[in-house]
2 protein chains.
Amino acid sequence: MAKQEKTAITPTRDEDYSEWYQEAVRLSDMADRSPVRGCMVIKPWGYALWENIVRELDDMFKDTGVKNAYFPLFIPLSFLEKEAEHVEGFAKECAVVTHHRLEKNAEGGLVPAGELTEPLVVRPTSETIIGDSFSKWITSYRDLPLLINQWANVVRWEMRTRIFLRTSEFLWQEGHTAHATSKEAVERTRMMLDIYAKLAEECLAMPVIKGRKSASERFPGAADTLCIEAMMQDKKALQAGTSHFLGQNFAKASEIKFHSAEGAEEYAWTTSWGASTRLIGGIVMTHGDDDGVILPPRVASAHVVLLPIIKKPEDKAAVMTFTENLAKELRGQFYHHRKIRVEIDDRDSGAKGWDWIKKGIPLRVEIGPRDIAADSVFAGRRDKAHKDKTSFKRADFVQNITKILDEIQTNLFERALTFREKNTIVINENKEFYQYFTPQHQEKPEIHGGFSMSHWCGNAQCEAKIKEDLSVTIRCIPFEGESGKGKCVCCGKPADKQVVFAKAY
Amino acid sequence: MAKQEKTAITPTRDEDYSEWYQEAVRLSDMADRSPVRGCMVIKPWGYALWENIVRELDDMFKDTGVKNAYFPLFIPLSFLEKEAEHVEGFAKECAVVTHHRLEKNAEGGLVPAGELTEPLVVRPTSETIIGDSFSKWITSYRDLPLLINQWANVVRWEMRTRIFLRTSEFLWQEGHTAHATSKEAVERTRMMLDIYAKLAEECLAMPVIKGRKSASERFPGAADTLCIEAMMQDKKALQAGTSHFLGQNFAKASEIKFHSAEGAEEYAWTTSWGASTRLIGGIVMTHGDDDGVILPPRVASAHVVLLPIIKKPEDKAAVMTFTENLAKELRGQFYHHRKIRVEIDDRDSGAKGWDWIKKGIPLRVEIGPRDIAADSVFAGRRDKAHKDKTSFKRADFVQNITKILDEIQTNLFERALTFREKNTIVINENKEFYQYFTPQHQEKPEIHGGFSMSHWCGNAQCEAKIKEDLSVTIRCIPFEGESGKGKCVCCGKPADKQVVFAKAY
């Protein structure tokens, strides 16, 4: 897009990425800030997107034998304390319920009353409360594996919040499984990560790198944390899903024991894994352009909006009839086993096309008297320039819509992948590494500040120094890609692992 | 069932209905108590039932133009205070968040820290926090009607809890709509009640009486509360869904205003309506028998369980192949637009059939070598005696399964309706009314203590006296049925309304 042309979002991504993000979300009508500190309101257009993500994940979970359940919102303080690292990790961001009613004080104002004997923490995650149930449900190896998932809200009292990416309350799923052997739990941890990667790449059109966290970036209490990492358009990394092998740590904390086939009493091996409404922020930052959000068709809140163009009152009946018939025909079709989702915007407004561009709907279809006369429609794709529209014979459009949606889906993925590849380089030298991540040193800004594939010796001190100096962290130790021997990009000592370094959300 | 025969649930319904309920729920494996006071754990068998209820309701809501959204879990105290009756109604049962982190005290124990400047209430219902969003989203009559629903958890700190029926935390949906006219809001209130009644009668096989609450039983802050009331097997009433016309009360409290087509600024007219996991308790108490839960097929967690019977190891391969092929065939079929849900229980246990009886699955199918030899299956219906099983040719069973499920659904509804009709009588005399609801006066116990259709003069004092004397309340002023002039069953004064009196959950 030429610089002179006006964009729907001000500022543009180049001008101020962070502000662009807030504006893109706001103008997409997906979510609002709320009067409650750090909490958001997810509006219908954002919630529909979440519902589609939920449906895709839920089907994949169930295909692997996982069943849904629901556990209490509140966790007694004593439960949280059972796993030392775990409570340490969450103590600073817990909403604490201390009273169970309200009473009028002398001035007639309401104040908390009925103090609880033990404070309750609003769940930041549910390992400890679900562990309590597991300890009751599991007695024999025959009860294993136990494969449970919960769709829920959680609260982490973040000091600096950003809509969808980091909010005090968010929606997520948390899976929790228990197994008889370490091997089986490790396999399950990887299986669920692969499901997140499949969701990200196939449904969200968001390329991800699968890998393992370094020890210092692990989930509090986990033996191993696997993750998927995506690159946003400001070249920062977004952690888009995590899967934890918990070893026997939480089983010991919650007394999850079973009798093996040989009769011995053993602790179970557990896992947990989660993905959240943060993914919506990831979609915005991966695909959005200076005209706003672009939704990948597989999970888009709606696939296509029909925009009847009525300039003379006498055309109205014919245009609306054509529009409604077309909607009905499209809704009768399936795209990847889901019904095609169609919106009709019959508002009397010249600017309505722009509203849908900002909302990121994959297809906009204009229908005016001339189109009807030619039995055709005039369609614009959100992944193309807003003026780039094509006339289709109505029957061709109906017949080809799923193909067009797939083209958009593929195009979004390819664009994001190309962007990531363009902004990922191998760096072996310390000086080059520091320059890459230091804005004032950037000689070639177009290839600076993305992902650096660099060797790391495995020492937490090197990791901490880089984080301190540059705010750059090890996003993951990737499962795939080149490895081979090398030198640590921090200390220069021999290192046999190439890892992904980046700034991150 | 003859008294001598052993039942799966002890005590039986006749012996101790309340204990029977707790045991039926426990042995169905639908839910557990939790270590958090008054909160339950919904286990997979119970959660699957809830998911099916959610799906039915959600589809019906969306068909009327309602869209889902999500609002904060926390409500600032000052918001709750905006509507005087509303806060009065909920102040005694609020979980209050007062701190946002945990700190170690001198003894090393964790204590709440970071006191909030304004306490936050965990939502008991969301009129006030959603009203805040509505006040921002609505400016013109063009923004109306606004039709929003939220699926969420809510917390009401109940002193006496009972699993599914009254728990401190429960899952529900709460719909919130705003309209330009009183008439439209009143119509919406009724429309949503009709959806609840349709869910109850068609999906849960639970006959309900639709009506209006008396003023004293209204939702706190509502101008009118409509409800559906069902009769449980102990002849008590269960309120199974409510729909509130809120007038302009909450619009005034939250400043939800719009400019009309004529340019005047007006307050909107709002409604709210909810149904919850309490419905699961209602299903148990409507249909359950002394062998446990009976799930209505339309929402059952699963429709059919296949029980391979393997007595000799050499039969195993053939029996399992037959079973898995049958499962595949059944899963390929639809029952009321949903895929047939099939479980296979291949545990090596003679008692496994009983587990499924207690879980209430509509159909149990035994498959042994003799059945396979005859290409047949041996099926038992949960609405019939457990020994009453029928042999079907395999192909006939596959072809007829949806018909059989519909027969069970209809049978459950008819049984419940017959029970309610048998236990509903018209009472016009005060003495007879008191005897009907007083156990020691029961001369004909089989027709005592159900629903009494009696005239009421409309005076809240009469209503209060009956509640005080008998713990009997006006369940609703029904929309349908006989009305005509009569005498108030309490004071004897002229009354033109016949209402439903009953004890209730």
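## Close-up views of a two-chain predicted model

**View 1. Chain A as a whole.** Chain A holds 14 helices and 27 strands, where helices (H or I, at least four residues) and strands (E, at least two) are DSSP runs, numbered from the N terminus. Its radius of gyration is 26 Å, close to the 23 Å that the globule rule gives for 505 residues, so chain A is as compact as a globular protein of that length; the radius is taken over C-alpha atoms, and the rule is 2.2 Å times the number of residues to the power 0.38. This is a predicted model, in which local features need pLDDT of at least 70 and side-chain atom pairs count only at pLDDT 80 or more, while totals for chains, interfaces and linings use all residues. Residues are numbered from 1 along each chain as its sequence is written, and chains are lettered from A and ligands numbered from 1 in the order in which they are written. The C-alpha trace of chain A spans about 80 × 60 × 60 Å along its principal axes.

**View 2. A:Asp396 in helix H12 of chain A.** Here you can find A:Asp396 within H12, which covers residues 394-422. A:Asp396 is exposed, with 12 other C-beta atoms within 10 Å; the cut-offs are 20 or more such atoms for buried, 12 or fewer for exposed, and partly exposed in between, with C-beta atoms placed from the backbone. By that count, 49% of the 505 residues of chain A are buried. Between the C-alpha atoms of A:Asp396 and A:Glu314, 82 residues apart along the chain, the separation is 28 Å.

**View 3. Helix H6 of chain B and its surroundings.** H6(B) runs over residues 182-203, and its 22 residues reach 31 Å from first C-alpha to last, close to the 32 Å expected at 1.5 Å a residue (1.5 Å times one less than the number of residues). Its buried residues include B:Ala185, B:Met192, B:Tyr196 and B:Cys203. The buried residues of H6(B) pack against helix H2 (44-63) and several strands, among them S8 (169-179) and S14 (269-276) of chain B; contact here asks for C-beta atoms, placed from the backbone, within 7 Å. After the helix comes B:Ala205, with a positive phi near 55°.

**View 4. Where chains A and B meet.** The contact takes 47 residues from each of chain A and chain B. On the side of chain A, strand S5 (residues 96-104) gives the most, with seven residues. Three bridges join S5(A) to S5 (residues 96-104) of chain B, and the two run antiparallel (strands pair if DSSP finds at least two bridges between them). Within this pairing, A:Val96 stands opposite B:His99.

**View 5. The axis between the copies.** A rotation of 180° with 0.0 Å of shift along its axis superposes chain A on chain B, with an RMSD of 0.0 Å. That is the relation of a two-fold axis, with copies superposed by least squares on the C-alpha atoms of residues with pLDDT of at least 70 in both. Of the residues of chain A, A:Val97 comes closest to the axis, at 2.1 Å (C-alpha). The copies meet through the same surface, because 100% of the interface residues of chain A are also interface residues in chain B.

**View 6. An open sheet in chain B.** Look for 11 strands in the order S3-S7-S8-S14-S11-S10-S9-S24-S27-S23-S22, with mixed pairing. S3 (67-68) and S22 (424-426) stand at the edges, each with a single partner strand, so one side of each is left without a neighbour in the sheet. S22(B) is joined to S23 (residues 451-456) by three bridges and runs parallel to it, and B:Thr424 stands opposite B:Phe451.

Methods
Two residues are in contact if their C-beta atoms, placed from the backbone, lie within 7 Å.
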